[in-house]
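Look over the sequence and the model before reading on.

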Amino acid sequence: MATNNTATELGGILKIVYAKGVVEAYSFAAPLMKLISFDHQAAGIGNTYNQPVELRFEHSITSAAADATPTYLELNPGINQVAISGGAQKYGRASVNYDMLERARQAGPKAFESAGKRVTKRLAMSHLKRMEIELICGRRGIAVGSGISGSSTTRALVVSAESWSAARFAGMEGATIAITDSDRSTIRAPSTGAVGSCTIVSVTPSTRTVNIAGHATDMTALDTGDSWASGGVMFFESNGTKTEIGPTTELAGLDAWSNMSGTWFNIATGTYSLWNAQTYSTSTGVISFGKIVEAAELAGAYGAVKKLVVLCSLKAYSVLNTDIAAMAIHGAKESKGSLGVNSITFRTSVGELEILPHPFQSDGMIHMFAPDECLRTGSTDIKFIQRGDSAEDNNIIVESATTPAGEMRTMSNQQLFIEQPRHLVLMSGITFG
């Protein structure tokens, strides 16, 4: 597999064709990165974000009848603990050989634009897409299995209807992946094979199928036991060791926060009910505004009388868009939404709800959260690693230590932190007729 961008990978910008630019088939919006603000930690990479959290009320509240002399209850204090969040590191790399850099240094009749600029932009967008996906399903996997076929070094993996998102896999041919059992810890691939050996070959959205290639022994391991067809989980490969995978290397996305358990960010979920998310249902069925309002009321019962964002898939949004049209016909005048809008906002007994469709959201899930209680913490948002202090474009090209090429590198260090997880509501098991 090629590691550097050569004339083969960048042949499109060397053709003698006049055009305004290169078509960017991988352009994706990243609304969550915009919606959830980044809180910069100046102390540096790996420094923790410490947030005091009120977890239990004061219970020394004495009552007495009129004219009686009360006997105080014993002191029964409330509890405040510190939630500790550490940023998850992510690095992106792309390489262009020296020959290609020189041949396409200037945009002109023989090149649409500088090869360095094109690869740099593509790398930045790739990093952004990975971050946006992780804000939804980080630590939980990009797909859950339901069927498998194939032999030797290839397999066709059928993804469950609930976890499917076609947009997550768009442009991901060639990406290396890791697959675990349903426990998200027992690694099936790459296990015996080398790191980077399990690769996405192609995707068939109509059948929710991801075609992969890998080490023959690893592929066989996916066929049996508590593996892919029994709810196995797919992650993008994390780094150069087979033992480190998404559940330990990624930031905790909305779905991870919705399934928090054990000691989560230094606080015991089993001890304090306020340090837990809520589940509306694991078998929600056909989605409707009525069910969304019911789910919002779960958060409202814990004081979330504020704006809530309802993150749904494009498929679920189509159903809700039709539902709001029917409500409008029957005189639901308070709704701000109408057919064809990009989001739907309306008011309920627990405050304002914004229905936000997202191409990276799983078809069978909805995550409801209060945006003003969410933030991205860490030492740095996505940035390019630069040499020197110059602002010129070639300042972000560093030298490869092993090949005659220049490298572009991105990095980020951040974690999703939710101040009041009791205001987070998960709706899963969504069906469509």
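The lining of the largest cavity divides into three nonpolar residues, one polar residue and three charged residues. The model is predicted.

**Cavity**
- The structure holds one cavity of 30 Å³ or more.
- The largest cavity has about 30 Å³ of space.
- Its lining is made up of Ala178, Pro190, Glu237, Thr241, Lys242, Glu244 and Ile245.
- Rolling a probe the size of a water molecule over the atoms shows where empty space is left.

**Cis peptide bond**
- Pro190 is also part of a cis peptide bond, the one that runs from Ala189 to Pro190.
- Omega for this bond is near -10 degrees.
- Pro190 sits in the loop between β8 (187–189) and β9 (199–204).
- Pro190 is also one of the residues lining the largest cavity.

- Arg139 has phi near 75 degrees, a positive value in a residue other than glycine.
- The loop between α3 (115–137) and β5 (143–149) holds Arg139.
- Arg139 has a relative accessible area of 22%, so this residue counts as partly exposed, since buried means under 20%.
- Arg184 is not a glycine either, yet its phi is positive, at about 60 degrees.
- Arg184 belongs to the loop between β7 (177–180) and β8.
- Is Arg184 buried or exposed? Arg184 counts as buried because its relative accessibility is 19%, and the cut-off for buried is under 20%.

How values were computed: Residues are numbered from 1 along each chain as its sequence is written. This is a predicted model: local features need pLDDT of at least 70, side-chain atom pairs count only at pLDDT 80 or more; totals for chains, interfaces and linings use all residues. Side-chain values use heavy atoms; hydrogens and water are left out. Helices (H or I, at least four residues) and strands (E, at least two) are DSSP runs, numbered from the N terminus. Buried means under 20% relative accessible area, exposed over 50%, partly exposed in between (1.4 Å probe, protein chains only). On a 1 Å grid over the protein atoms alone, a cavity is a set of points where a 1.4 Å probe fits but cannot get out, and a pocket is an open set with protein on both sides within 12 Å along at least five of seven lines; lining residues have an atom within 4 Å of a point. Grid points are joined across faces, edges and corners, and a volume is the space filled by probe spheres set on the points. Ala, Val, Leu, Ile, Met, Phe, Trp, Tyr, Cys and Pro count as nonpolar, Asp, Glu, Lys and Arg as charged, and the others, Gly among them, as polar.
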